[in-house]
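Here are a few packing and void exercises to work through with the model open in your viewer. Try each task before you read its solution.

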Amino acid sequence: MDAVVEGRNPAPDALWRRYSEFELLRNYLIVTYPYIVVPPLPEKRAEFVWHKLSADNMDPDFVERRRVGLENFLLRVASHPVLSNDQILYHFLTEEHGWKEVVYETGFQAKADSRLRALSATFRVRNPDKEHVEKAWVDMQRFKEQKDKDLREALINYAVMQISMCKKGIQVWGNAKECFLKM
């Protein structure tokens, strides 16, 4: 009701988003807030490491796990004191169409490219300024620590999912064994 009184359209009750849209949002947040560890996304495809085969991405259990993972991602971002105030996040959560254009208008990709070029230039200089090198080193260490945390969290989530799949497989085999024993 407040949105209508303020002259805005109320947010929809539900929005449909593709996984790639979640990736775009996460990449935007990573570039825009390099000092914040942005939560990881769940895996895009179901893969069984022990078979080295991709599983069915439409398997209801996998789809539900990924949906829960994406929901967890949004809850963690929305509960962050800085990220929760981001206008792009607001558009992602409230606008069915047009939010991607708003993201691209921010120029976040150019900002990411510019940072990479600046970092590269720092190490190409023959006699770099010591303070500049130290600052770049601190930035790289912070980036490494962020990525280590992201990787650790992603691996833990992946391990939990794999254990869940193993338990389900064991249960299926147990049920099959019981059926054969009854014959």
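**Exercise 1. Find which residues of α2 and α4 meet, then work out how the two helices are arranged.**

Step 1: on the α2 side, pick out E21, F22, L25 and Y28; their partners in α4 are I88, L89 and F92. Contact here means heavy atoms within 4.5 Å, and helices are DSSP runs (H or I, at least four residues) numbered from the N terminus.

Step 2: sort that contact by type, and you get six nonpolar residues, no polar ones and one charged. Ala, Val, Leu, Ile, Met, Phe, Trp, Tyr, Cys and Pro count as nonpolar, Asp, Glu, Lys and Arg as charged, and the others, Gly among them, as polar.

Step 3: now the geometry: the α2 and α4 axes are 10 Å apart, at an angle of about 165°. That makes the pair roughly antiparallel (angles over 145 degrees count as such, and those under 35 as roughly parallel). Axes are lines fitted to C-alpha atoms over the stretch in contact, with angles from 0 to 180 degrees between N-to-C directions.

A note on the ground rules: this is a predicted model, where local features need pLDDT of at least 70, side-chain atom pairs count only at pLDDT 80 or more, and totals for chains, interfaces and linings use all residues. Residues are numbered from 1 along each chain as its sequence is written, and side-chain values use heavy atoms, leaving out hydrogens and water.

**Exercise 2. What lines the largest cavity?**

Step 1: list the lining: I30, Y33, I36, V37, V38, Q146, K147 and D150. On a 1 Å grid over the protein atoms alone, a cavity is a set of points where a 1.4 Å probe fits but cannot get out, and lining residues have an atom within 4 Å of a point.

Step 2: ask who contributes: helix α7 (residues 130-182) gives the largest share, three residues.

Step 3: classify the lining, which comes to five nonpolar, one polar and two charged residues.

Key:
On a 1 Å grid over the protein atoms alone, a cavity is a set of points where a 1.4 Å probe fits but cannot get out, and a pocket is an open set with protein on both sides within 12 Å along at least five of seven lines; lining residues have an atom within 4 Å of a point. Angles under 35 degrees count as roughly parallel, over 145 as roughly antiparallel, 65 to 115 as roughly perpendicular and the rest as oblique.
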